[in-house]
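Student: I have a structure open on my screen and would like to talk it through with you. Could we take it question by question?

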Amino acid sequence: DKGINIKTRDEKFTSKIGGRVQADAAAYGGEPDMGDGTEIRRARLYIQGTMYHDWGYKLQYDFVDTGSAGIKDAYLSYTGFDNLELKAGNFKDPFSLQEQTSSKFISFMERGLPSAFAAGRHIGVMASTRHQHWTLAGGLFGDTVSAKGGAEDEGWGAGTRATWAPVNNQADVIHLGLGLNYRETGGTNAARFKQQAESHISGINIVDTATIAAVNDFYKVGAEIATVQGPFSAQAEYITTSVNRDSGNDLDFDGWYAQAGYFLTGESRQYKNGKFGGITPKGNVGDGGIGAWELALRYSTIDLNDAEIEGGEADSVTLGVNWYPAPTLRFSANYVDVLDVDGGTNDGDEPSVFQVRSQWAF
Amino acid sequence: DKGINIKTRDEKFTSKIGGRVQADAAAYGGEPDMGDGTEIRRARLYIQGTMYHDWGYKLQYDFVDTGSAGIKDAYLSYTGFDNLELKAGNFKDPFSLQEQTSSKFISFMERGLPSAFAAGRHIGVMASTRHQHWTLAGGLFGDTVSAKGGAEDEGWGAGTRATWAPVNNQADVIHLGLGLNYRETGGTNAARFKQQAESHISGINIVDTATIAAVNDFYKVGAEIATVQGPFSAQAEYITTSVNRDSGNDLDFDGWYAQAGYFLTGESRQYKNGKFGGITPKGNVGDGGIGAWELALRYSTIDLNDAEIEGGEADSVTLGVNWYPAPTLRFSANYVDVLDVDGGTNDGDEPSVFQVRSQWAF
Amino acid sequence: DKGINIKTRDEKFTSKIGGRVQADAAAYGGEPDMGDGTEIRRARLYIQGTMYHDWGYKLQYDFVDTGSAGIKDAYLSYTGFDNLELKAGNFKDPFSLQEQTSSKFISFMERGLPSAFAAGRHIGVMASTRHQHWTLAGGLFGDTVSAKGGAEDEGWGAGTRATWAPVNNQADVIHLGLGLNYRETGGTNAARFKQQAESHISGINIVDTATIAAVNDFYKVGAEIATVQGPFSAQAEYITTSVNRDSGNDLDFDGWYAQAGYFLTGESRQYKNGKFGGITPKGNVGDGGIGAWELALRYSTIDLNDAEIEGGEADSVTLGVNWYPAPTLRFSANYVDVLDVDGGTNDGDEPSVFQVRSQWAF
């Protein structure tokens with residue numbers, strides 16, 4: 001019903017066109033210096049649909065990026081087997097609840113600090129199965145769209161994620177998840193982990209390992225728990241990353257977050273297929289309602305110090321207010337208080353951020 | 001009726017997809033050296049529509065630009081108040097008649113020389129009201145989409161524009177306008193004004209202040225007058241820019257243009273909401289007509305010399321022919337004669353340009 | 001019937017939106033070193049249609065490219081004369097059968113080695129006429145979309161292509177073609193010809209003249225022959241390029257390929273307007289069929305050695321399997337065996353490639 005939807009009379013071909021614009025502004029306090037400013041955080045357009053009953057396709061581009069880096073979902077899928085989807089192309093590795101949840105639907109403007117360990121999108125193939133009470137996905141991946149190997153091999157990886165929802169009714173959900181993600185670095189033979197202060201505009205990292213050389217591969221393990229209880233929701237994740245080096249010590253980095261949200265107007269977070277979806281207000285603005293209002297609080301922490309690598313350790317508290325005037329609209333205000341950075345370039349710093357966003361997405 | 005238009009049965013959601021391609025060729029004479037050539041001047045795609053009666057959205061991208069610089073209109077709007085539109089996102093500052101008028105609809109292939117003082121698009125918020133006889137808009141803006149602040153604050157600005165049309169009937173219009181635009185330079189602490197010979201292909205500037213350092217802020221004032229009298233139309237603008245420097249003299253630059261057009265085939269320029277719109281030929285080519293034929297003449301001048309800054313002063317005369325075979329089509333030929341460049345790198349030069357364009361847009 | 005198709009009630013306006021995603025993976029053997037990896041080879045979106053009966057428009061962008069380089073077809077056309085199409089904008093020069101045939105429909109994942117002499121797309125004007133048994137096209141062109149002349153003139157060119165199909169029935173085709181293409185180099189005054197091992201992922205050229213200086217202009221002649229006989233098809237082309245230099249010897253480079261394909265499932269290659277089109281399987285997967293299966297074999301060779309320029313000579317054999325589960329879908333596997341590189345940087349090398357592709361396109 002939203003966006004441009006077309007189907008042929010015999011339903012052999014369906015198409016949908018949609019997009020997303022997030023316009024942000026941020027003001028920063030404390031150290032390190034971060035420049036106040038504005039940003040179009042995402043400006044996406046996509047075309048998606050089905051062909052000949054059993055085939056799906058999608059191409060999505062984010063105009064805030066340059067060249068092939070802006071290619072997000074770009075895949076072909078086959079759904080002709082019962083409860084099984086096969087995908088080939090560019091899409092997200094199956095890893096981490098907050099990463100699987102679309103940026104349209106996460107509770108805050110940015111994901112929590114452990115998103116430094118996000119697996120991201122790669123070109124590959126994946127099989128997945130989705131049921132009311134569990135999902136399982138596993139894939140084999142090459143490198144990112146923008147990686148150009150030249151004379152050297154590109155990196156490759158493999159990943160799997162399982163979710164279990166022993167309770168999954170509308171407005172009553174318990175979710176558990178486990179993700180494993182392996183990546184060989186290929187010809188770059190290097191890795192880097194870094195994170196901003198849960199704010200994207202200034203582009204300043206508060207923790208950063210810088211490029212770690214002689215990295216053969218690394219693997220990540222992520223554990224997830226989440227719940228929806230009427231207007232209340234909560235989720236938490238722990239992610240650890242183990243880096244194997246050709247020389248020098250192996251490295252272990254990790255991080256976790258826990259967050260809770262509450263809809264003052266009584267709505268519930270939607271849960272489906274092992275991740276969170278959008279909000280449908282009880283009354284839309286423009287139809288006599290006031291939309292949906294949500295308060296959210298998060299604590300998150302990340303540790304990028306190990307052996308001689310001093311990337312820094314940080315923890316932060318974020319308070320957010322979301323207003324959804326209608327299902328396709330969202331306004332958010334976030335206050336991020338970085339409690340402490342310990343080690344690294346920004347040792348001892350305690351920056352804070354106030355940021356706002358307007359969003360349309362469908 | 002043009003482009004891809006979709007609405008849901010309850011009209012809660014409408015979508016329109018459209019685009020624009022301008023293909024140009026130019027040949028240059030005189031000094032400075034400017035290379036003859038061709039160009040896709042604009043290649044735009046957009047999606048635009050309304051949601052839940054009171055909300056509007058738009059995302060427009062120009063593929064001739066690279067990365068986020070190509071993001072043009074990208075906003076969310078609210079029209080639920082009487083005669084008032086609120087906008088958030090990326091869009092044009094309210095300033096200058098020739099800038100407010102879409103590049104699809106300006107009388108020549110390029111805007112007049114004072115377009116060096118265009119305010120352009122920024123990320124911000126704006127309120128505007130539109131009536132048959134007047135419009136008023138005011139906004140608060142951050143920086144451009146492609147500005148990345150890093151550790152320094154981005155620039156910000158504010159602007160307002162008022163228009164008055166004591167006469168506004170079809171084919172009988174008198175328009176007066178006044179615009180004010182302020183901009184703080186942020187961390188760059190610099191400004192630059194430059195202009196090409198009303199031709200974009202070679203990319204050579206005939207006047208150019210180069211980067212002016214130690215600029216804290218600048219403000220612009222623009223006065224507009226225009227009329228439509230049947231097939232005849234005319235418009236003129238004067239813009240002055242005052243640059244405040246932390247050290248050294250403050251600077252004043254200015255420019256103006258006056259132009260007139262006449263439709264041999266009897267059409268009138270469309271005027272609405274304080275700016276000009278498109279042309280509807282009396283008879284379309286393909287439907288037995290010959291389209292609309294317009295002759296246009298413009299004089300424009302700009303002065304970028306002040307204090308020790310010698311950017312150059314230039315004035316030019318442009319003669320144009322436009323053929324609109326149908327409302328979505330346009331072919332243009334322009335001859336630009338730069339009468340003189342006085343001061344700056346190109347002192348004494350008198351280049352000329354012959355350029356043609358084919359355009360489709362809807 | 002495929003993609004998003006809209007027409008107004010009076011059919012004065014039609015629009016179609018479509019796209020294409022090709023996701024590739026490749027593994028390389030032998031010398032020179034070429035990195036195994038993955039790639040989104042093409043990720044295109046387009047809007048195309050007709051306006052007021054006699055006018056056509058198209059804008060197509062490939063997101064794997066950066067900035068204006070990604071602009072593919074971007075033109076306006078007029079079809080109001082009988083059997084004659086006039087075009088203005090950016091589109092392919094009329095040259096070479098394998099280049100005129102869309103990348104969606106070529107028999108292998110990459111075109112044969114002589115594609116080093118492809119004329120590519122330029123901004124220009126073209127007239128063409130198409131009949132069942134012959135086509136003729138001629139155009140005048142400026143430079144590529146991404147060429148920015150600055151103070152120097154951009155390059156320009158002219159081209160023509162004639163095709164004759166003495167037999168042109170469904171599944172029974174004989175095609176002959178001749179193309180001429182001239183190009184002046186403009187301010188760059190240089191030319192370069194290079195080619196990869198019929199594989200795009202690693203980006204390594206096996207033959208490469210490097211930049212040849214003092215090149216005033218060059219012209220290409222291409223001869224084409226092709227046939228369709230039921231499930232069998234074959235095509236061959238010879239292209240020669242003559243480079244005129246301001247100083248030093250003039251240069252001659254050339255190449256040719258011959259290929260054959262056979263549909264195990266009985267389909268025929270579609271031929272229309274002097275080029276090949278897509279495949280319609282006898283039975284679609286998802287509708288009870290197994291799609292169309294095709295085997296294809298190609299020999300191709302290129303010689304970039306002449307006078308003191310030692311770009312290398314290469315020849316290769318490619319074996320391909322294509323599976324079209326439905327008209328909009330394709331999976332391909334190619335094995336490329338470069339028999340020999342003779343001269344140039346990679347003298348004596350004999351690399352091989354195994355590569356696969358998944359594709360949706362409509």
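**Strands and chain contacts**

Tutor: Gladly! We start with a pair of strands: strand 17 (residues 251-263) of chain B runs antiparallel to strand 20 (residues 292-306) of chain B, with 10 bridges between them. Strands here are DSSP runs of E of at least two residues, numbered from the N terminus, and two strands pair if DSSP finds at least two bridges between them. This is a predicted model, where local features need pLDDT of at least 70 and side-chain atom pairs count only at pLDDT 80 or more, while totals for chains, interfaces and linings use all residues. Residues are numbered from 1 along each chain as its sequence is written, chains are lettered from A in the order in which they are written, and side-chain values use heavy atoms, without hydrogens and water.

Student: Which residue takes a positive phi in the hairpin of strand 20 and strand 21 of chain B?

Tutor: Strand 20 of chain B also pairs with strand 21 (residues 309-324) of chain B, antiparallel over 14 bridges, and there B:Ser300 stands opposite B:Ser316. Their hairpin has 2 residues between the strands, and the positive phi, near 50°, belongs to B:Ala307.

Student: How much area do chain B and chain A bury between them?

Tutor: Contact means heavy atoms within 4.5 Å, and 40 residues of chain B are in contact with 43 residues of chain A. Buried area is the accessible area (1.4 Å probe) that two parts lose on being put together, summed over both. Of the area buried here, 71% is on carbon and sulfur atoms, and the total is about 3100 Å².

Student: Which residues of chain B lose the most area to chain A?

Tutor: Three residues together account for 20% of what the chain B side buries. They are B:Tyr52, B:Trp55 and B:Leu59.

Student: Which side chains meet in a salt bridge between chain B and chain A?

Tutor: The rule asks for a side-chain nitrogen of Lys or Arg within 4 Å of a carboxyl oxygen of Asp or Glu. It finds 1 salt bridge across this interface. At 3.4 Å, N to O, the partners are B:Lys12 and A:Asp287.

Technical notes:
Helices (H or I, at least four residues) and strands (E, at least two) are DSSP runs, numbered from the N terminus.
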